[in-house]
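Hi everyone, thanks for coming. Let me put the structure up, and then I'll walk you through a few places in it.

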Amino acid sequence: MQRTASCMLGEHLQVGRALYVEVEGEGPDTVAAIVRQYVRDLPPVPDKVPYVAFCDGFIGELYRTDQTVVVTDSETDPRFDEAVRASWRTIRVRASVSLALNKQGREQVIFGLHNEGPRQWTEDEIRLVREVAERTWADAERARAENALRQREIKYRTLFETMGQSYSMVKMIRDESGKAVDARMLELNPAFERLMGIPVSEAINRTLLEVFPQIEDSWIQVYEQVITQNTPQRIEHRFAAMDKWFQVYAYPVADDQLLLLSENITERKKADEALQASEIELKRLLKLRDDFIGVASHELKTPVTSMKVYGEIVKEKMELIGTPQDADMVSKLNGQIDRLIHLINTLLDTTRIAEGQLRLALESLDLCELVEDRVNELRPTTGHRFTIQAEQPLPRLPADRERIGQVLTNLLSNAIKYSPKTSEIVVTCTRREHTAEISVSDQGLGIPESDQSKIFDRFYRVISENRSTYPGMGLGLYIASQIITRHHGKLWLRSAPGKGSTFIFSLPYSTPRP
Ligand code: ADP
């Protein structure tokens, strides 16, 4: 089209050259691409010329202000400077009519006629050049837009044909009262066939209920909602007959139509169901475990308490009438009974906590005194060195002496258990603004960062090679943290493997009102 226009104009006006030049690129990279040129008795100009060569000096200024540049003779025209004049000589032009079409704020197209010798252009000729240029540009634009549309169409068609999701465009079918009763499938892509196992040719233009008689009325009602509320929705449908689950995104489109994008989510659904079932099973097993622990520890408590009483009686007798070895044996037996009682009490505590039955007997407690008591109780049982640091006396606070004593014994026993035999254990009592803080530090194994958040969980024990020999059930810290929480306090730790651990708990001076 540009060629025809250039040709016709060139022929009609008998000029040496007619050019249709498109401006491409931005800033300094701007080039003028000669899209079409008609040449009669002049050599063609190169296909790509730097833009400045066309639009230098006064010519560019006239282009930018939408004026037609008319040159009768470049050799005598006072507007020319020597450089431009010389460049015109190289392409053998002395007279020309040219103009730039400024679209979207910049020159898009330059249209020009070149004449080898001087020429006096008439008004009609000048008008004709502008008219032809405008028309040619408009036609070229239309062609470009059509082409772009075609390309887009090809792109979307490819997407439509190859996408993994099934695409269906449906139009609602309504009864006389206007209620949606079914929907007709107007457009389907190949994925529909893959997903549903029904050829597109058998489903297209038929209704949902004709093709899938088993679908429920609720589907249609949901689609209806999407249209009335004019909001897209994600829906999960189950096809009982196929034993398949589909996820459908329904988008409202004009004219009572819906776009449905569906995919098969059966595998995911089955995995979810299996996960749910295993979670239920896990809960059942955990409950079974807790029930068993509760019943067993409760049943064990009575006979073991009696054993303890008889053990003490036998011990007294042996000290009177038996040999020292007999007395020693009975005392060891009693020691083991004490361990058993401690284990049973620990298990009973976990059951109480799980059932929300952990009761506190609050009293006004001197925490530092309790720390000293518990340290002194443990001192003779180990080779560790204990240091208590208490710079300021602590105010008394409301707490359960037995339970807080249990926490202290647990932290101290762990410090003993998990650190070298003669190392030091430091206990500090610190007075803070609203709380009293107790810390127990050892120089033992330490606890890896990754275990620290789980250390207060029920039955949690750190697993590593050098720990397998330490006995325990992983309940002590769990119970301790629950006791502290019930006192509205906090229990935390600082530790690094090989560098020892510090367990800290704080208790408020007054219990917050519930
Ligand atoms: P138990 O000591 O009976 O296993 P706990 O609940 O008291 O149970 O402790 C949980 C785990 O935390 C222990 O198995 C041990 O691995 C780790 N742990 C507790 N205290 C310390 C400590 N002072 N130093 C190193 N590891 C500790």
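So, to begin: in which strand is the place of Leu 491? Leu 491 sits in strand S17, which runs over residues 490-495. Please keep in mind that what you see is a predicted model.

Is Leu 491 buried or exposed? Leu 491 has a relative accessibility of 15%, and because buried means under 20%, Leu 491 counts as buried. Leaving aside residues up to four places away in sequence, Leu 491 touches Leu 411, Phe 456, Leu 477, Ala 480, Ser 481, Ile 484, Ile 504 and Phe 505. Another pair to look at is Leu 491 and Glu 437: they are 54 residues apart along the chain, and 9.6 Å separates their C-alpha atoms.

Now over to His 114, in strand S6, residues 106-115. With a relative accessible area of 9%, His 114 is buried too. Again not counting residues up to four places away in sequence, its contacts include Val 15, Gly 16, Arg 17 and Leu 19, and also Leu 42, Ile 91 and Val 93.

On to empty space. Rolling a probe the size of a water molecule over the atoms shows where some is left. Strand S7 gives the most, with three residues.

Last stop: helix H10, residues 266-321. What span should we expect for its 56 residues? At 1.5 Å a residue the helix should span 82 Å, and its end C-alpha atoms are 79 Å apart, which agrees. Still, H10 bends by about 30° at Lys 301, with a proline, Pro 303, following within four residues.

Which residues of H10 are buried? They are Thr 266, Lys 269, Asp 290, Ile 293, Gly 294, Ser 297, Val 304 and Gly 311. In an α-helix there are 3.6 residues a turn, so residues three or four places apart point the same way. The cover over the buried residues of H10 includes S9, S10, S11 and helix H11 (324-354).

That's my tour, and I'm happy to take questions.

Key
Residues numbered from 1 in each chain as written. Predicted model: local features only at pLDDT ≥ 70, side-chain atom pairs only at ≥ 80, totals over all residues. Heavy atoms only, no water. Helix = DSSP H or I, 4+ residues; strand = E, 2+ residues; numbered from the N terminus. Buried < 20%, exposed > 50% of the residue type's maximum accessible area, 1.4 Å probe, protein only. Contact = heavy atoms within 4.5 Å. Expected span 1.5 Å × (residues − 1). Bend = angle between axes of the 7 residues up to and from the residue.
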